[in-house]
Protein chains: 2
Amino acid sequence: MATIQDVAKHAQVGVGTVSRVLSGKGYVKAETRQKIQASIEELNYTPNEMARNLFFQKSGIVAVIVPEVAHPFFAQFVNAAEMVLCEKGYQTMICNTYYEQNYEQRYLEMLKRRRVDGIIFGAHTVLDISQYENIHLPIVALDRDLGESIPCVSVDHRAGGRMAAEELIRSGCRKVLQFVGSKRGTEVSTPANERHDVFEETMKKHGIPCRSVCAKWPTADISYYQTTAARLLEDYPDIDGIFATDLMSMAVLQAAMLHRKRLPEDLKLITYDGTNSIALTYPQITAVVQPIERLANEAVQLVVDLIDGKSIENKKVELQVVLRPGSTTMGS
Amino acid sequence: MATIQDVAKHAQVGVGTVSRVLSGKGYVKAETRQKIQASIEELNYTPNEMARNLFFQKSGIVAVIVPEVAHPFFAQFVNAAEMVLCEKGYQTMICNTYYEQNYEQRYLEMLKRRRVDGIIFGAHTVLDISQYENIHLPIVALDRDLGESIPCVSVDHRAGGRMAAEELIRSGCRKVLQFVGSKRGTEVSTPANERHDVFEETMKKHGIPCRSVCAKWPTADISYYQTTAARLLEDYPDIDGIFATDLMSMAVLQAAMLHRKRLPEDLKLITYDGTNSIALTYPQITAVVQPIERLANEAVQLVVDLIDGKSIENKKVELQVVLRPGSTTMGS
C-alpha cells in the first residue's frame with residue numbers, strides 16, 4: 001500500500017508539501033499541487049486515516065456510553081445515534097458500563113487519552129460530577145445531570161409521570177404501585193426520577209395510596225423481571241394499578257395472566273418508554289412513549305456542535321412524551 | 001496537557017528516546033529510562049493513544065457491522081461482543097448497514113483506510129465476496145458465507161430447522177407455514193437459510209404441506225411485523241403451525257389472540273433466536289434458542305487471534321441450539 005512518503009518521492013516533493021495538499025492548509029503552487037494529485041492517483045494512495053487524524057488532532061469518533069446496549073431503550077438510542085453520527089461523518093464507539101462504577105471509570109480514563117472527539121453519556125452509575133467536568137472533551141448527557149456546564153437531553157419526565165398517574169386515575173384505580181429505578185435519594189441525579197415524584201404527588205392529590213417499589217434499572221436480565229413481577233403480585237394482591245418500564249411491564253403482564261387476573265378489569269397497567277417490541281404484546285399495554293430517535297438526534301447535534309466549537313445556549317433539551325392508549329387501561 | 005516533547009525537554013533527552021521507552025522497543029540506558037519515567041510522572045503525562053497507535057500501526061478498535069443494532073438479536077450480540085472485546089483491550093465500533101448495499105460499501109471503504117484492527121461482519125446485503133477478500137484486514141463473519149478464507153461463526157441452523165419441524169409435528173400440525181428471510185435463491189449466502197430447507201424437507205418427509213412465505217429480515221420495524229402477521233392469518237386461515245423469528249412470532253401471537261385463536265389448540269407457534277424479551281410473552285412461545293453470547297465470544301476470539309497473526313485451523317465454528325419448551329406447542 002502506498003504511503004505519503006511514496007507519494008512525495010514520486011512527485012519529487014517533500015512529505016510536508018504532500019501533507020499541505022491533503023489537509024488543504026498552507027500554500028502550495030498550483031503546478032506542484034497537480035503533480036502531487038497525479039502521483040496520488042497513479043499510486044492509488046489512500047490517506048491513512050490515523051495519520052490524518054493525528055495531523056488534525058481528531059479521531060472522527062464519538063463514544064456513546066450506555067449501561068447495556070442489549071436493553072431495548074439503549075439499543076434503539078444507539079441505533080439512531082449511529083445513523084445520525086454516520087451522516088455527519090463520525091463513527092460510533094459503544095461502551096457498556098454494566099452499571100459498574102469501575103467500568104465507567106475505565107471508559108472515562110480511556111476517553112481522557114483523547115481517543116474520541118466527543119462523548120454522549122447515558123450511563124447511570126454514581127461518579128463524582130467533577131470527574132466529567134475534568135475530561136475537557138465535548139460531552140452531552142442523556143437523562144443524567146452532570147452539572148451546569150454539560151448539556152443534557154431528556155424527555156419531560158414530569159409530564160410523563162403525570163400522564164401515567166392521570167390515566168390510572170381515569171381508569172378507576174384505588175391502590176397503585178410504581179417501580180422506581182433504585183433506592184430513591186441515593187441514586188445518581190437523573191431527570192428520569194422526577195416522573196416518580198410527580199406520579200406519587202398526583203396520586204396523593206387524589207387520595208389514592210401509592211407504593212413505590214425499588215427495582216434494578218436498567219437491566220436486560222429477563223429472569224430478574226419475571227421473579228420480581230411474580231413476587232409483587234403475591235405480596236400485593238390488592239394493588240389494582242401498576243406503573244413500570246417496558247420489560248417490567250411485560251413481566252407484570254405475563255405474571256398477571258398466569259395469576260388469571262383480567263386486564264384492565266382486575267389490574268390496570270401502564271408502561272414507560274414505549275420501546276419497539278412493547279407494541280407486540282397482547283393485550284397491548286398503554287404506554288407513555290419517549291421519542292427515542294429524536295433524543296438521539298438532539299444528543300448528536302449537540303455533541304457535534306460542541307466538537308465544532310459552537311457555544312450551546314440551551315443546555316437543557318426537553319422533548320415531549322405522548323400517551324399511546326392500549327387495552328390495559330381504560331381512561332383515554 | 002503535557003506532550004511527548006515536554007517530557008523530552010524536561011528529561012533533557014530526545015523525543016526518540018522517550019518514544020523508545022514508551023514503546024519498550026530499542027535500547028535505552030537504565031539511568032536515562034529512570035529520568036524519563038520521573039519526568040512522565042512529574043508532568044503527569046498520558047501518552048496520546050492516537051500517536052501511540054500510529055507508532056504501532058494499530059487502532060485498538062474492532063468494528064462490528066450489523067444490519068441494525070436496534071434488532072434484539074444484534075443488540076444482544078453487540079452487547080456481548082463489546083464486553084469481551086473490552087476485556088481483551090479492544091474498543092468496539094458499531095456500524096449499522098440498514099440492509100443497504102451502499103451503506104455496507106461505505107463502511108468497507110472506511111475500514112480499508114485502516115481505521116480498525118479487525119472486523120466482525122454480520123450484515124446481510126449483497127456484495128461481491130471478493131470485496132471482502134480484498135480488505136486485507138482480519139475479518140470474521142457472523143452467519144454469513146464470505147468465502148473460504150474468512151472464518152464464519154454461526155449455530156447449527158440445520159439442527160435448528162429440524163428441531164422446529166419435529167416439535168410442530170409432535171404437536172399434531174397438519175399444515176404449516178414458515179417465514180423465510182427473503183426470496184430464496186436471490187439472497188446472500190448465509191448458513192441461517194439452511195434451517196428453512198431442513199424445515200421443509202422434514203415436513204415433506206412426514207407428508208405435511210409446508211408453505212414458505214417471504215418476509216423482510218432482519219428489521220426492527222414493528223408495524224411491518226404486525227401488518228404481515230395479521231394478513232397472514234387472513235390469507236391462510238387453515239394453517240395450524242407457524243415457524244418464525246422472535247419479533248414476527250410476537251406479532252403472530254398478538255394477531256392470533258385478536259382473532260380469538262387458541263394456542264396451542266388452534267395454532268401452534270415456534271420461534272427462532274430466543275432473544276431476551278421473547279421469554280416475556282404470554283403464553284410463552286416455544287423457542288429454538290441461539291446462544292447469542294457464545295456466538296459473540298467465538299467471533300471475538302477469532303478476530304483477536306487473526307489480529308495477533310495466529311492461523312485459524314477451524315474456519316467454520318458451529319454452536320448448538322436448544323429447544324426451550326413453551327405453551328404454544330405441546331410436543332416436548
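**Notes on a predicted model: strands, a helix and cysteines**

1. Let's begin with the strands of chain A. Strand E3 (residues 118-121) of chain A runs parallel to E4(A), and three bridges pair them. One point to look at is Ile119(A), whose bridge partner in E4(A) is Ile139(A). Do keep in mind that this is a predicted model.

2. On its other pairing, E4(A) is joined by two bridges to strand E5 (residues 152-155) of chain A, again in the parallel sense. Here Ala141(A) sits opposite Cys152(A) of E5(A).

3. The side chains of E4 (residues 139-142) of chain A are worth a look too. Ile139(A) and Ala141(A) point one way, Val140(A) and Leu142(A) point the other way, and all are buried.

4. Next comes helix H8 (residues 157-170) of chain A, with 14 residues and a reach of 20 Å from first C-alpha to last, close to the 20 Å expected. At its start, a side-chain oxygen of Asp156(A) comes within 3.3 Å of the backbone nitrogen of Arg158(A). Just after the helix, Gly172(A) has a positive phi of about 90 degrees. Buried residues in H8(A) include His157(A), Glu167(A), Leu168(A) and Ile169(A).

5. Cys173(B) is buried at 2% relative accessibility, whereas Cys214(B) is partly exposed at 42%.

Conventions
Residues numbered from 1 in each chain as written. Chains lettered and ligands numbered in written order. Predicted model: local features only at pLDDT ≥ 70, side-chain atom pairs only at ≥ 80, totals over all residues. Heavy atoms only, no water. Helix = DSSP H or I, 4+ residues; strand = E, 2+ residues; numbered from the N terminus. Expected span 1.5 Å × (residues − 1). Buried < 20%, exposed > 50% of the residue type's maximum accessible area, 1.4 Å probe, protein only. Polar contact = N/O pair within 3.5 Å; in protein donor to acceptor, adjacent residues only side chain to side chain. Pairing = 2+ DSSP bridges.
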